[in-house]
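Grab a pencil and work through these exercises with the model open beside you. Try each task before you read its solution.

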Amino acid sequence: MLPSGAESCIALAEHIAGSEQNFVRLMNEKAEELGMRHTHFENTTGLHDENHYTTVKDISIFLREALQNDIFRDIFTTFRYSTPPTNQHPEGITLTSTIYEKLDSRTIMNGEILGGKTGYTDEAGLCLASLAKVGQQEYILITAGAKGNHHTEQFNITDALAVYNSLGEI
């Protein structure tokens with residue numbers, strides 16, 4: 001999840017449910033159970049498919065639920081993870097969260113960005129599901145459809161910073 005490895009999504013799906021298709025069925029069942037009325041999954045990666053869709057509201061429902069799981073929350077809020085050394089990688093491998101690669105600082109007005117997951121497809125634009133703490137309150141913010149791509153300014157993150165900083169002014 002940290003460096004956006006789609007192959008890992010597929011591997012986990014196959015490990016848990018026997019196939020990506022079986023796992024997608026479980027994802028759709030969970031979405032229905034959570035009341036995500038405008039969501040239908042076709043794959044585990046989030047890559048474009050005409051029948052794969054959601055809304056920012058539904059993603060916020062999903063993220064709020066996922067953050068209740070301590071393991072997910074720990075991964076979602078991890079800045080960097082280093083693997084132990086191996087024969088092939090004597091220094092280990094360091095994985096950095098995609099949101100943190102783009103941030104100069106996690107600090108926002110009266111708080112900090114706790115975690116996030118970036119996304120991009122040509123069709124969806126730059127997207128971000130994020131969590132921040134402003135004062136004593138945690139906030140989930142979902143941004144989607146931001147202009148640009150991996151090589152431009154990251155307007156998905158710029159937008160989130162603007163919203164979170166405005167909350168710190170209140």
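**Exercise 1.** Which backbone oxygen does the side chain of Asn156 reach, and at what distance?

*Solution.* Some ground rules come first. This is a predicted model, where local features need pLDDT of at least 70 and side-chain atom pairs count only at pLDDT 80 or more, while totals for chains, interfaces and linings use all residues. Residues are numbered from 1 along each chain as its sequence is written, and side-chain values use heavy atoms, leaving out hydrogens and water.

Step 1: find Asn156 in helix H6, which runs over 155–169. Helices (H or I, at least four residues) and strands (E, at least two) are DSSP runs, numbered from the N terminus.

Step 2: follow the side chain of Asn156 to the backbone oxygen of Cys127, at 2.8 Å.

Step 3: check how covered the residue is. Asn156 counts as buried because its relative accessibility is 0%. Buried means under 20% relative accessible area, exposed over 50%, and partly exposed in between (1.4 Å probe, protein chains only).

Step 4: look around it. Leaving out residues up to four places away in sequence, Asn156 touches Thr118, Gly119, Leu126, Cys127, Leu128, Thr143 and Ala146. Contact here means heavy atoms within 4.5 Å.

**Exercise 2.** Is Thr98 buried or exposed, and which side chain does the Thr98 side chain join in a polar contact?

Step 1: Thr98 has a relative accessible area of 9%, so it's buried.

Step 2: its side chain meets that of Thr118 in a polar contact of 2.6 Å. A polar contact is a pair of N or O atoms within 3.5 Å; within protein, one must be able to donate a hydrogen and the other to accept it, and residues adjacent in sequence count only if both atoms are side-chain atoms.

Step 3: Beyond four places in sequence, Ser97 touches Leu2, Thr78, Phe79 and Gly116.

**Exercise 3.** Which elements each supply at least two residues of the largest nonpolar core?

*Solution.* Step 1: list the members. This core has 12 residues, including Ile99, Leu103, Leu128 and Ile157. A nonpolar core is a set of buried Ala, Val, Leu, Ile, Met, Phe, Trp, Tyr and Cys residues joined through side-chain atoms within 4.5 Å.

Step 1: H5, E5 and helix H6 each give at least two residues.

Step 2: zoom in on Leu103. Not counting residues up to four places away in sequence, Leu103 touches Ile113, Ile157 and Leu161.

**Exercise 4.** How many salt bridges does a search of the whole structure find, and how far apart in helix H2 are Lys30 and Glu33?

*Solution.* Step 1: the search finds four. A salt bridge is a side-chain nitrogen of Lys or Arg within 4 Å of a carboxyl oxygen of Asp or Glu.

Step 1: one of them links Lys30 with Glu33, with the closest N and O atoms 3.2 Å apart. Because these two are three residues apart in helix H2, about one helical turn separates them.

Step 2: another joins Glu29 to Arg25 at 3.3 Å, and this pair sits four residues apart in H2 (residues 20–33).

Step 3: here's the general idea. An α-helix has 3.6 residues a turn, so residues three or four places apart point the same way.
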